[in-house]
Amino acid sequence: RGQASGRTVELVDLYPTLADLAGQTPPKNLEGASLRPLLDNPNAKWDRPAFTQVQRGGFPGYSVRTERWRYIEWDDGTKGAQLYDHTQDPREFNNLASDPGHAPVVAEMKALVKKNWPVRVEGGKAPAPKPVKSVSLRQPNILVVLSDDHSAPHLGCYGNKAIQTPNIDALARGGLLSENFYVANPVCMPNRASLMTGRMPSLHRVRHNGIELALSETTFVELL
């Protein structure tokens with residue numbers, strides 16, 4: 001309780017974590033992993049990268065973060081790429097993507113992008129809905145609190161001395177504070193859909209606001 005973890009984790013890890021803590025077996029098509037090892041030991045070995053995707057102006061953007069590096073690729077690289085060394089440049093001021101000395105790192109990160117998105121992600125609508133599954137009434141009591149339109153440095157528990165966030169700070173003191181947590185998408189509806197399904201927008205197909213999540217997706221609410 002009240003400990004911080006510097007391991008790189010992502011939003012799609014929450015679904016399998018809740019299933020693990022509730023003693024349930026999650027669907028096999030989830031992309032995240034249970035954070036239970038980090039809840040038990042915030043410094044436990046963890047070598048999974050975090051991925052984020054977004055649709056901008058008719059073309060996709062992909063991001064991958066490892067413990068040291070963050071790489072961003074726009075329109076499969078045709079509209080630019082960015083590479084940042086978080087050990088030396090945590091605020092991402094110096095783009096190293098075009099530096100010949102970092103070509104091996106760029107190649108490694110591009111391979112991770114290609115592995116996670118083997119085909120180009122296009123905008124589109126979700127599949128046609130299917131009948132709603134029955135939901136058991138014997139469910140665990142889990143409260144998910146979402147705080148919108150600000151970044152981590154705007155919270156007291158992340159070091160802000162001017163803005164007072166006592167209630168969120170209290171939650172941080174009683175739980176695990178993640179120092180490297182990445183969302184699946186920076187846009188509201190795609191990100192909430194990833195939270196509910198444990199899948200990236202390229203799979204649940206809610207790739208921008210205004211697209212409804214297909215009823216065929218199994219949310220963690222239905223599972224639990």
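Begin by selecting Asn 191, which is found in helix α5. The model on display is a predicted one. Asn 191 has a relative accessible area of 15%, and because the limit for burial is under 20%, this residue counts as buried. Next, display its surroundings: setting aside residues up to four places away in sequence, Asn 191 touches Leu 11, Val 183, Ala 184 and Asn 185.

**Helix α1**

Move to helix α1, residues 14-21, and colour its buried positions: Tyr 15, Pro 16, Thr 17, Leu 18 and Ala 19. Against which helices do the buried residues of α1 pack? Selecting α2 (36-40), α5 (188-197) and α7 (220-223) shows the partners. Then step just past the end of α1 to Gly 23, where the backbone takes a positive phi of about 75 degrees.

**The four-stranded sheet**

Now select strands β2, β3, β4 and β5. They form an open sheet in the order β2-β3-β4-β5, and the pairing is antiparallel. Which strands stand at the edges? These are β2 (50-56) and β5 (81-85); each has a single partner strand, so one side of each is left without a neighbour in the sheet. On average, neighbouring strands of this sheet are turned by 10 degrees against each other, direction ignored.

Tyr 71 has Leu 83 of β5 as its bridge partner, while Arg 70 stands opposite Tyr 84 in β5. Follow the chain from β4 into the hairpin, where six residues lie between the strands. In this hairpin Asp 75 takes a positive phi near 50 degrees.

Helix α3 lies across β2, β3 (59-65), β4 and β5, and runs at about 65 degrees to β4.

The next selection is the largest nonpolar core, which has 16 residues. Its members that touch the most other members are Tyr 71, Leu 83, Met 109 and Trp 117. Each of β3, β4 and α3 supplies at least two residues of this core, and the largest share, four residues, comes from α3. In soluble globular proteins, nonpolar side chains tend to be buried together.

Centre the view on Met 109. Apart from its neighbours within four places in sequence, Met 109 is in contact with Val 64, Thr 66, Trp 69, Arg 70, Tyr 71 and Leu 83. Another core lies apart from the largest one; it has nine residues, including Leu 11, Ala 19, Leu 30 and Leu 195.

**The cavity**

How many cavities of 30 Å³ or more are counted? The count comes to one, and the largest cavity holds about 40 Å³ of space. To show its lining, select Gln 53, Val 54, Gln 55, Pro 60, Gly 61, Tyr 62, Val 121, Asn 185, Pro 201 and Arg 207. The elements giving two or more residues to this lining are β2 and β3.

Note on methods:
Residues are numbered from 1 along each chain as its sequence is written. This is a predicted model: local features need pLDDT of at least 70, side-chain atom pairs count only at pLDDT 80 or more; totals for chains, interfaces and linings use all residues. Side-chain values use heavy atoms; hydrogens and water are left out. Buried means under 20% relative accessible area, exposed over 50%, partly exposed in between (1.4 Å probe, protein chains only). Contact means heavy atoms within 4.5 Å. Two strands pair if DSSP finds at least two bridges between them. Axes are lines fitted to C-alpha atoms, for helices over the stretch in contact, and angles run from 0 to 180 degrees between N-to-C directions. A nonpolar core is a set of buried Ala, Val, Leu, Ile, Met, Phe, Trp, Tyr and Cys residues joined through side-chain atoms within 4.5 Å. On a 1 Å grid over the protein atoms alone, a cavity is a set of points where a 1.4 Å probe fits but cannot get out, and a pocket is an open set with protein on both sides within 12 Å along at least five of seven lines; lining residues have an atom within 4 Å of a point. Grid points are joined across faces, edges and corners, and a volume is the space filled by probe spheres set on the points.
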